[in-house]
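Dear colleague,

I am handing over the structure below, with notes on what turned up in it. Please read them with the model open beside you.

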Amino acid sequence: MLMLKIKRMRKIFYLATVLLGFSCTTAEIPLTGVPIDRTVTYQRDIQPIIFNNCLTCHSSINPANGLILESYVQVKNSAQNGNLITRINDGANPMPQNGLLTAANRALFDKWKVDGYIE
Ligand code: HEC
């Protein structure tokens with residue numbers, strides 16, 4: 001009787017471990033490995049980073065490569081359909097050109113994408 005109970009409890013414990021394992025592995029892991037546990041928005045998080053690091057070259061006055069990153073729609077379009085997120089994480093050919101942004105700042109772009117590019 002007792003043996004049976006122990007066996008059943010073992011089974012439950014095993015199942016719980018497996019389920020827990022699954023729920024952990026399916027969580028989205030950001031490229032940078034820096035976890036962010038809140039919603040990221042363009043206005044609060046992304047715009048200031050673009051303003052401080054990109055607009056010297058990507059504003060409407062003589063934009064590098066024709067890429068303008070002044071508005072929400074322009075930045076979202078480059079992140080969603082262009083290669084903005086690839087380039088800010090590209091150690092060999094980074095944007096901005098003088099070196100990668102901090103991991104914390106790059107993680108904000110990953111989370112912005114996961115959250116659905118909220119304005
Ligand atoms: C000092 C000038 C400079 C700064 C600052 C700069 N860029 Fe660029 N960017 C360029 C130039 C020049 C190119 C074209 C050459 C290339 O692709 O490397 C370019 C190309 C790009 C491209 C690829 C081309 C395209 O049309 O998609 C992306 C994406 C990009 N930049 C995003 C950014 C982002 C995001 C930032 C800020 C985090 C930034 N850049 C900061 C000069 C700059």
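An oxygen atom of the ligand is 2.8 Å from an N or O atom in the side chain of Arg87. Please keep in mind that this is a predicted model, and that the distances and angles here are computed from it.

A nitrogen atom of the ligand lies 2.8 Å from an N or O atom of the His58 side chain. Asn65 has a polar side-chain atom 3.4 Å from an oxygen atom of the ligand.

Next, the metal. Which residues coordinate the iron atom of the ligand? They are His58, through NE2, and Met95, through SD, at 2.0 to 2.1 Å. The site of the iron atom is octahedral, with six donor atoms and angles of 87 to 179° among them. His58 is in the loop between α2 (42-53) and α3 (72-80), while Met95 is in the loop between α4 and α5 (103-115), so the two residues tie together parts that are 37 residues apart in sequence.

Two points about the backbone are worth a look while you have the model open.

- Met95 and Pro96 are joined by a cis peptide bond, with omega at about 0°. Pro96 is placed in the loop between α4 and α5, which is also where Met95 lies.
- Asn62 is not a glycine, yet its phi is positive, at about 55°. Asn62 is found in the loop between α2 and α3, and His58 is in that loop too.

To go through the site on screen, start from the iron atom and its two protein ligands, His58 and Met95, then turn to the side chains of Asn65 and Arg87.

Regards

Terms used. Residues numbered from 1 in each chain as written. Predicted model: local features only at pLDDT ≥ 70, side-chain atom pairs only at ≥ 80, totals over all residues. Heavy atoms only, no water. Polar contact = N/O pair within 3.5 Å; in protein donor to acceptor, adjacent residues only side chain to side chain. Donors = N, O, S within 2.8 Å, 3.2 Å for Na, K, Ca; no water. Tetrahedral: all angles 85-135°; square planar, octahedral: opposite > 155°, others 65-115°. Helix = DSSP H or I, 4+ residues; strand = E, 2+ residues; numbered from the N terminus.
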